[in-house]
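Please walk me through this model.

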Amino acid sequence: MKHQGIWVVAEQTVSGISRVSFELLAKARELKEQGRVQAPVTAVLLGEKLDDYYSAKLKEAGAEAIILIDHPALRYFQNETYAAVLKALAEQRQPSIILMGATAAGSDLAPTLGAKLRTGVSAHCVDMRLNEGHLVAVVPAFGGKVLGDILCTNFRPQIATVRPGILGKVICYTNQECPIEQFDITEILAQDQGRVKAIGITYEEMKGVPLEEAELVVAGGFGIESKEIWQQLETLAAVLGGAVGCTRPPLDEGWAKECQMIGTSGKSVRPKVYIGMGISGATHHICGMKDAGLVISINKDEKSPIFDVSDIRITADAATILPLLIEGLQKNEDDVIC
């Protein structure tokens, strides 16, 4: 059987389906049109109690066919079990391309599935295109300073993961045909010898505005200099009603959490207003905030690359500016509109 068709492995979350799954469906439709692919763009969803809500959402986001794999054993993400199921399905149906979100689950699942299918995986892509039937995955390298094209020419399926928010675009499709089928995994589960079994999930309660949903983001880099000054940056974000983001150094220093990092190895944000404090502007970080609306940057180095992508440039020490900003805003809190 000839390998054909583009699959998107959708991810079930507490609130429904991960947004990156919808972003990937929009990209898959774009790739199909670009490569004149005849097979339908197929969404594959694993989980438990997958009712009509999930099918409707996937269809609306661009799925032209849906495969639901519904079983109590799939209630929680279990890498080896999920990989075994997808391996069996892929070997039976022979897709040419499999796309996943580079989430915690997807980053675990994609390489495991790639190893089982003896094919390559392009991880953390920032873009994709088709060239003569081959998937060209665009992946940052050398700290984001270089964007390289990765091709898997000799093996199928071609597997790639994409960071949530990088593609951005979600399209609503209406009035399209979308057959839905169930895939029986009883025999696969009987053979599954997965060494790790998930017995539950503990959720950490998120405080404040989620970074990727915030309309205003205050981000800090190594120029913040200390944890005490970093706490002032958090205060500024709170006063403005925004979320706090960071580059790699504050994360390494323990000032910020991993979920706050913006860039090719972190999250992509598209706020109406982005305020960068003490950020030099490495390509790695810029890739994650380049689609922000108004970009305001404060850095004491007037030659910082961040100024090249900024609308308002302030040459000053962020550590000096921060307390002055907070004091001024708190005095005129009624005038702050976010």
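The report below takes the sheet, the salt bridges and the cysteines in turn.

## Basis of the model

This is a predicted model, in which local features need pLDDT of at least 70, side-chain atom pairs count only at pLDDT 80 or more, and totals for chains, interfaces and linings use all residues. Residues are numbered from 1 along each chain as its sequence is written, and side-chain values use heavy atoms, with hydrogens and water left out.

Five strands form an open sheet in the order 14-13-15-16-17, and their pairing is parallel. Strand 14 (243–246) and strand 17 (312–314) are the edges; each has a single partner strand, so one side of each has no neighbour in the sheet. On average, neighbouring strands are turned by 15° against each other, direction ignored. Strands (E, at least two residues) and helices (H or I, at least four) are DSSP runs numbered from the N terminus. Two strands pair if DSSP finds at least two bridges between them. Strands of a sheet pair through backbone hydrogen bonds, either parallel or antiparallel.

Strand 15 (residues 273–277) and strand 16 (residues 294–298) run parallel and are joined by five bridges. I275 has I296 in strand 16 as its bridge partner. Helix 6 (residues 227–240) lies across strand 13 (216–220), strand 14 and strand 15. Contact here means heavy atoms within 4.5 Å. The helix runs at about 175° to strand 13. Axes are lines fitted to C-alpha atoms, for helices over the stretch in contact, and angles run from 0 to 180 degrees between N-to-C directions.

## Salt bridges

How many salt bridges does the model hold? The count comes to 14, where a salt bridge is a side-chain nitrogen of Lys or Arg within 4 Å of a carboxyl oxygen of Asp or Glu. Side chains of opposite charge can pair when their charged atoms come close.

One of them joins E181 and R93, at 3.0 Å from N to O. E181 lies in strand 12 (residues 180–182) and R93 in helix 3 (residues 79–93), so this pair ties together parts 88 residues apart in sequence. E181 is partly exposed at 34% relative accessible area, and R93 is partly exposed at 26%. Buried means under 20% relative accessible area, exposed over 50%, and partly exposed in between (1.4 Å probe, protein chains only).

R129 and D149 form another salt bridge, with their closest N and O atoms 2.7 Å apart. R129 sits in strand 8 (residues 127–131) and D149 in strand 10 (residues 146–151), so parts 20 residues apart in sequence are tied together. R129 is partly exposed at 33%, as is D149 at 44%.

D291 and K290 also pair, with 3.5 Å between the closest N and O atoms. D291 is partly exposed at 38%, while K290 is exposed at 51%. K27, E30 and D127 are linked in a network of salt bridges.

## Cysteines

Which count applies to disulfides? The count is zero, a disulfide being a pair of cysteine sulfur atoms within 2.5 Å. C178 is in no disulfide, and the nearest cysteine sulfur, that of C172, is 13 Å away. A disulfide is a covalent bond between the sulfur atoms of two cysteines.

The sulfur of C287 is 13 Å from the closest cysteine sulfur, in C125, which is too far for a bond. C178 is buried at 13% relative accessibility, and C287 is buried at 15%.
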